[in-house]
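Trainee: Could you show me how to read a few features of a protein model? I would like the general idea and then the case at hand.

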Amino acid sequence: MEERKRALSAIKPTGNLTLGNYIGALREFSKFQDNYETFIFIADLHALTLPIDPAFLRSNTKDIVAFYLAAGLDPNKTTIFLQSDVSAHAELNSILINYVYMGELSRMTQFKDKSQKLNKEAIGVGLFAYPVLMISDILLYNTDVVPVGDDQTQHVELTRDIAHRMNERYKKELFKLPQAIKPSVGARIMSLSDPSKKMSKSDPKGDIFLKDDLNVIRKKIMSAVTDTGHEIKYDQENKPGISNLLTIYASLSNMSIQDAEKHFEGVTQYGEFKKAVADKVIEVLEPFQQKYKEILQSGIIDKVLDDGAKKASYIANKTLRKVKKTVGLYIHE
Ligand code: TYM
């Protein structure tokens, strides 16, 4: 039997998940499980790169598992697990950290953005070395494709570089070179209060959170920053607010931006347009929130994670053994 290609991705449980996470990543994941061998995990070790309350980390991790299931991931098709339950991630990280250059890590946009907001003397080494763990996550599973939003593609590019570097160094195909896959619409959802900034869990102004009350969601959309003028047109430069709302609408309606523009042709009131966007977001999130609540109450999360950790460990440990052997660490058979 021909081996199926592998898809792998993750979300970091650092803050409440946003509509950006949903559109850029979460809703994309389940599209892979029928045709790819799919691994979706919670990057809980990555959540420690900035200070986080342990109780929040635990409950948020559980929430994300419930979100995965509510978004359609089927544990019989997709391996769902916690990064910290599969020790091979940390072990490969401690090997690969020697092959990634400080120069490469200091050029990562996400590190630059995050570290700018911190006192230089108190930036954790983990925040700097963050991509090495992500590289380990991806390479452990011989991943073919990594579904992510725009902001993670640079990390996947670095993963390719390191895979290539290791293959050259040890003169064998030790690792596959993975490819980032972005959604065609919605790879970068912007803040509703400042459409020049990405909607992000760590910067809650202008965010729609997946757990927000539906009335709050409607209010947030109705008061989203827009632009002068009255046409519903996609124009990132001159109409960033309208473009962002149009992207949200198009993505959740499974249409292209052009089709969404056509749909709103003739609408001249931003209020009417915003109401249509709010209706769409609520149409999608209402059943999603309902499923999320049912899943949390059903008590199936522990079993999903136990099974997932076993399956993931088996595959990850095989790769880890191969790497250890290759670099000279594993001397017994
Ligand atoms: P994280 O948790 O920051 O984000 C999870 C996913 O959501 C996407 N995303 C967005 N997409 C569109 N618009 C937005 N405003 C938006 N904000 C976030 C992200 O691009 C991402 O796909 N390092 C990763 C987690 C990770 C990982 C991995 C991912 C760890 N190991 C291995 C893939 C493969 C992260 O912090 O994502």
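**Reading the model together**

Mentor: Let's start with Asp 113, which is partly exposed, as its relative accessible area is 43%. Buried means under 20% relative accessible area, exposed over 50%, and partly exposed in between, using a 1.4 Å probe and protein chains only. Asp 113 is found in helix H5 (residues 109-116). Helices (H or I, at least four residues) and strands (E, at least two) are DSSP runs, numbered from the N terminus.

Trainee: What should I know about the model itself?

Mentor: It is a predicted model, in which local features need pLDDT of at least 70 and side-chain atom pairs count only at pLDDT 80 or more, while totals for chains, interfaces and linings use all residues. Residues are numbered from 1 along each chain as its sequence is written, and side-chain values use heavy atoms, leaving out hydrogens and water.

Trainee: How many bridges join strand E1 to E2?

Mentor: Two strands pair if DSSP finds at least two bridges between them. Here 6 bridges join E1 (residues 6-11) to E2, and these strands run parallel. Ala 7 stands opposite Thr 38 in E2. E2 (residues 37-42) is mostly covered, with 5 of its 6 residues buried. On to E3 (residues 78-82): 5 bridges join E2 to this strand, again running parallel, and Phe 41 stands opposite Phe 81 in E3. From E2 the chain crosses through helix H2 (residues 54-70) to E3 in a right-handed β-α-β crossover. Right-handed means that, with the strands pointing away from the viewer, the path from the first strand over the helix to the second runs clockwise.

Trainee: Is helix H9 largely enclosed or open?

Mentor: H9 is largely enclosed by the rest of the structure, because 12 of its 13 residues are buried. Its buried residues pack against H1, H8 (214-222), H10 (257-263) and H11 (270-298), where contact means heavy atoms within 4.5 Å. Just after H9 (residues 240-252), Asn 254 takes a positive phi of about 55 degrees.

Trainee: Which side chains meet Glu 28 in salt bridges?

Mentor: A salt bridge is a side-chain nitrogen of Lys or Arg within 4 Å of a carboxyl oxygen of Asp or Glu. Glu 28 meets Arg 27 at 3.9 Å, N to O, and Lys 31 at 2.9 Å, N to O. Glu 28 is buried, with a relative accessible area of 12%, whereas Lys 31 is partly exposed at 47%.

Trainee: And how many salt bridges does the count come to?

Mentor: By this rule, the count comes to 17 salt bridges.

Definitions and conventions
Expected span 1.5 Å × (residues − 1).
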